[in-house]
Amino acid sequence: MTRLHTVTKGLVLPVIIIIAWELLSLSIHNSYILPGWELILPVLLHPAESLFGGASLFENSIISLQRVLFGFMFAGAFAIILGLICGWSEPVNEYVNPLVQILRPVPPIAWMPLAIAWFKIGFGSLIFIIFIGAFFPVLISTIEGVRTLRERWLEVAETFDATTWEKFRTVVIPGALPSIWTGLRLAFGVAWMCLVAAEMLPGTSAGLGYLIMYAYNLGQIQVIVAGMIVIGIIGIASDFLFRLGQSRMFGWQGKE
Amino acid sequence: MTDILVLKGISKRFIDENTVCQALSDITCTIRRREIVCLMGPSGCGKSTILRILSGLDTADSGVVHGCNGEKTGNIHTAMVFQEHGLFPWLSVADNIAYGLTMKIRSRSREQIKRKVSDLLSLVHMEDFASSLPHQLSGGMKQRVAVARALAVEPEVLLMDEPFSSLDPFTRRELQDEVLRIREKLDTTFFIVTHNPEEAVYLSDRVIILTRRPAKVLKEIEIPQSYPRNMAEPELIALFQEITRLVSTGST
């Protein structure tokens with residue numbers, strides 16, 4: 001009941017914006033500036049239809065999702081391993097941390113020229129951009145997760161004569177997992193944004209970002225809006241899945 | 001009764017920034033097999049430090065600990081029950097109890113572990129909660145699980161650091177009775193740090209009282225009464241008062 005209520009509350013503003021949008025578009029009557037829903041909805045409702053003689057909205061979404069998943073998993077795996085090591089070993093962290101702090105504020109998209117030089121236009125350079133975007137949130141959350149482990153858990157392991165590896169496996173990893181999961185969730189959001197931005201740059205030939213830029217060049221604003229809506233929906237859906245996983249797997253968090 | 005644990009001249013100091021703090025100076029005492037010994041003293045006197053040394057979490061600066069065969073610290077087989085936050089919140093009750101058994105050093109088969117865990121679950125009356133997670137349990141139940149987990153590795157001495165101090169009085173008494181029952185059944189030796197004189201009088205064969213830091217043994221008091229004890233007995237009341245006085249003044 002309360003859940004339904006929250007969802008309803010969340011829908012109020014989007015509905016108001018949709019209505020206001022439609023009213024404005026009717027009064028402006030210029031589909032290059034504000035296309036009405038009668039133009040946007042058909043694009044959204046026929047996602048499998050070829051656009052501009054090329055790939056459909058659905059196909060472009062799948063291409064983008066494949067790229068983001070690939071880069072995200074790659075970045076996640078590296079960041080978790082490095083994060084566990086840095087969180088566990090202060091000396092290693094002292095070597096790694098300054099570099100991380102310098103690289104972290106650089107917007108992933110600023111790497112694009114170098115990425116193209118190193119990996120050529122296309123899949124390789126896009127994966128690299130996603131990697132950069134997803135890497136740091138996971139790394140930082142993992143380090144944090146290991147650092148904030150309860151000392152007591154490690155002591156318990158020690159009183160049972162756990163070896164270093166056993167402590168790592170039975171305490172450090174499971175204890176840091178909720179924090180790592182949060183990092184993954186943040187990272188997926190960042191990766192998704194980076195990907196779409198990177199796809200908008202010249203040289204790409206598929207994906208949601210590409211579709212938006214292509215539609216812009218053709219003056220098809222309703223396709224741009226439809227693409228943005230799909231980007232938003234995929235973003236919120238993935239976030240929902242991460243949160244679902246969080247409550248399923250780490251129900252103990254904050255209650256220990 | 002045979003001695004199971006002998007502490008001789010244990011001292012320990014902590015160095016914090018520039019200040020040196022002598023926590024323990026020359027602690028000498030003996031725990032005998034199948035005994036329940038309570039360790040008391042003014043707060044901050046280093047009671048927990050003694051348990052940490054016995055469990056291997058800390059090392060003494062000087063002095064020796066040895067077991068009945070004269071082994072040195074580390075070879076004496078102990079297990080520890082902490083006041084709280086000792087259970088792994090991501091493991092079920094059964095997996096928490098099995099935890100110590102899964103360590104390589106003990107190399108138990110899956111079957112052996114399963115059997116042992118189910119025995120322990122019934123020992124502490126937690127059969128119905130085998131697959132529950134710790135956060136779904138009450139404070140008393142959590143401590144039952146912690147006791148079972150420590151007993152799983154069959155320690156010669158079970159160390160307990162203020163195990164029941166965060167429980168309500170009724171649950172506390174229930175768990176104290178549980179300790180007495182476990183001793184009857186398994187012949188376990190208990191070494192318990194407590195700040196509750198009532199608990200010490202109700203539970204222990206002997207109470208060891210420490211001085212303020214740097215801590216030494218101030219006095220050892222035998223409690224000769226048989227179990228179960230009636231706390232209204234004048235002798236126990238007198239002991240309770242004496243222990244309370246010794247702990248609060250820190251001198252005879």
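Visitor: Which residue is the bridge partner of B:Ile36 in β7(B)?

Guide: Strands of a sheet pair through backbone hydrogen bonds, either parallel or antiparallel. In this predicted model, B:Ile36 has B:Phe190 as its bridge partner in β7(B). The two strands, β3(B) and β7 (residues 189–193) of chain B, run parallel and are joined by 4 bridges.

Visitor: Which residue of β8(B) stands opposite B:Leu39?

Guide: B:Ile208 of β8(B) is opposite B:Leu39. Strand β8 (residues 206–210) of chain B runs parallel to β3(B), with 4 bridges between them.

Visitor: Is strand β3 of chain B mostly covered or mostly open?

Guide: Mostly covered: β3 spans residues 36–40 of chain B, and 5 of its 5 residues are buried. The side chains can be read by direction. B:Ile36, B:Cys38 and B:Met40 point one way, B:Val37 and B:Leu39 point the other way, and all are buried.

Visitor: Now the open sheet of chain B. In what order do its strands lie?

Guide: The order is β2-β1-β4, an open sheet of 3 strands in chain B with antiparallel pairing. At its edges are β2 (19–32) and β4 (62–67) of chain B, each of which pairs on one side only. On average, neighbouring strands of this sheet are turned by 15 degrees against each other, direction ignored.

Visitor: What packs on this sheet?

Guide: Helix α1 (residues 47–55) of chain B does, and the helix touches β1, β2 and β4 of chain B. The direction of α1 makes about 65 degrees with that of β2(B).

Visitor: How many bridges join β1(B) to β2(B)?

Guide: There are 10 bridges between β1(B) and β2(B), which run antiparallel. One pair to locate is B:Ile15 with its bridge partner B:Val20 in β2(B). The hairpin of β1(B) and β2(B) has 2 residues between the strands, and B:Glu17 takes a positive phi near 55 degrees there.

Visitor: And over how many bridges does β1 pair with β4(B)?

Guide: Strand β1 (residues 3–16) of chain B pairs with β4(B) over 5 bridges, in the antiparallel sense. B:Leu5 stands opposite B:Gly67 in β4(B).

Visitor: Which domains make up chain B?

Guide: Domain 1 covers 3–77 + 157–249 and domain 2 covers 87–154. The centres of these two domains of chain B, taken over C-alpha atoms, are separated by 25 Å. Between them, 11 residues of domain 1 of chain B are in contact with 8 residues of domain 2 of chain B. Helix α5 (residues 169–186) of chain B supplies the largest share of the domain 1 side, 5 residues. By class, that side divides into 6 nonpolar, 3 polar and 2 charged residues.

Visitor: How many residues of chain B are in contact with chain A?

Guide: The size of an interface is often given as the accessible area lost when the parts come together. Here the description is by contacts: 20 residues of chain B are in contact with 16 residues of chain A. The side of chain B that touches chain A has 13 nonpolar, 6 polar and 1 charged residues.

Visitor: How many helices and strands does chain A have?

Guide: Chain A has 10 helices and 0 strands. The C-alpha atoms of chain A fill a box of roughly 75 × 55 × 30 Å along the principal axes. Of its 256 residues, 36% count as buried.

Visitor: What share of the contacts in chain A comes from residues 24 or more positions apart?

Guide: Such residues account for 69% of the contacts in chain A with a separation of 6 or more.

Note on methods: Residues numbered from 1 in each chain as written. Chains lettered and ligands numbered in written order. Predicted model: local features only at pLDDT ≥ 70, side-chain atom pairs only at ≥ 80, totals over all residues. Pairing = 2+ DSSP bridges. Axes fitted to C-alpha atoms, helices over the stretch in contact; angles between N-to-C directions. Contact = placed C-beta atoms within 7 Å. Nonpolar A, V, L, I, M, F, W, Y, C, P; charged D, E, K, R; others polar. Buried ≥ 20, exposed ≤ 12 C-beta atoms within 10 Å, placed from the backbone. Domains from an automatic or database assignment.
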